[in-house]
Amino acid sequence: MAYVVDFATVSTQGLESSPVMDALAGLRANEARYFKNKYDHIFTVEPASEAAATVDRVSRILAEERDIVISSRPLEATSFQVENLRIDYVFYESGLSINVMYSIDDAKKRAVGFKLSEGMDVPAELDSFKFARQKSKLAGTIRGSYFVIKHEY
């Protein structure tokens, strides 16, 4: 069942199995606030089991672009379009969040972003990336990195 992410009252709903569930809930709320403020979009997630197409699309892009296979279990996912961007998010049990921002009309504006919740280690499959730190009132210290998508999906 779909769940509207409330960034005013952070909830761990759907993330209870994560060892960093509070930080992951803050990270998810941080993303919800960003999309509400920038695009007036209501950020809604659903269990990964109900969003298999989104999880599969993100997994395929990771595998085909960089031979990356995420070992952590996906907990939640969402897919939506704002303006000319198709956006996919997957939130993993480890505390990892992966987003794919895919411009529909501009091949130069397509990327995969990784965000690590506070308190989690960098997953082995992402240890070749350098992560920048960002402070968030909702999520504490977020570490993020990205790569540009080169192919069509």
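User: Which residues does Ile-68 touch, not counting residues up to four places away in sequence?

Analyst: The model is predicted, with local features needing pLDDT of at least 70 and side-chain atom pairs pLDDT 80 or more, while totals for chains, interfaces and linings use all residues. Numbering runs from 1 along each chain as its sequence is written, and side-chain values use heavy atoms, without hydrogens or water. With contact taken as heavy atoms within 4.5 Å, the residues that Ile-68 touches are Ser-59, Leu-62, Ala-63, Phe-114, Glu-125, Leu-126, Phe-129 and Phe-147.

User: Which residues touch the most other members of the largest nonpolar core?

Analyst: A nonpolar core is a set of buried Ala, Val, Leu, Ile, Met, Phe, Trp, Tyr and Cys residues joined through side-chain atoms within 4.5 Å; buried means under 20% relative accessible area, exposed over 50%, partly exposed in between (1.4 Å probe, protein chains only). Of the 24 residues in this core, those touching the most other members are Leu-62, Ile-68, Leu-96, Ile-98, Val-112 and Phe-114.

User: Within what arc do the buried residues of H2 fall, seen down its axis?

Analyst: Helices (H or I, at least four residues) and strands (E, at least two) are DSSP runs numbered from the N terminus. In H2, Thr-54, Val-55, Val-58, Ile-61, Leu-62 and Glu-65 are buried. They line one face of the helix, because the directions from the helix axis to their C-beta atoms fall within an arc of 130°.

User: Which residues are exposed on the other side of H2?

Analyst: The buried residues of H2 pack against strands E3, E4, E5, E6 and E8. On the other side of H2, the exposed residues are Ala-53 and Asp-56.
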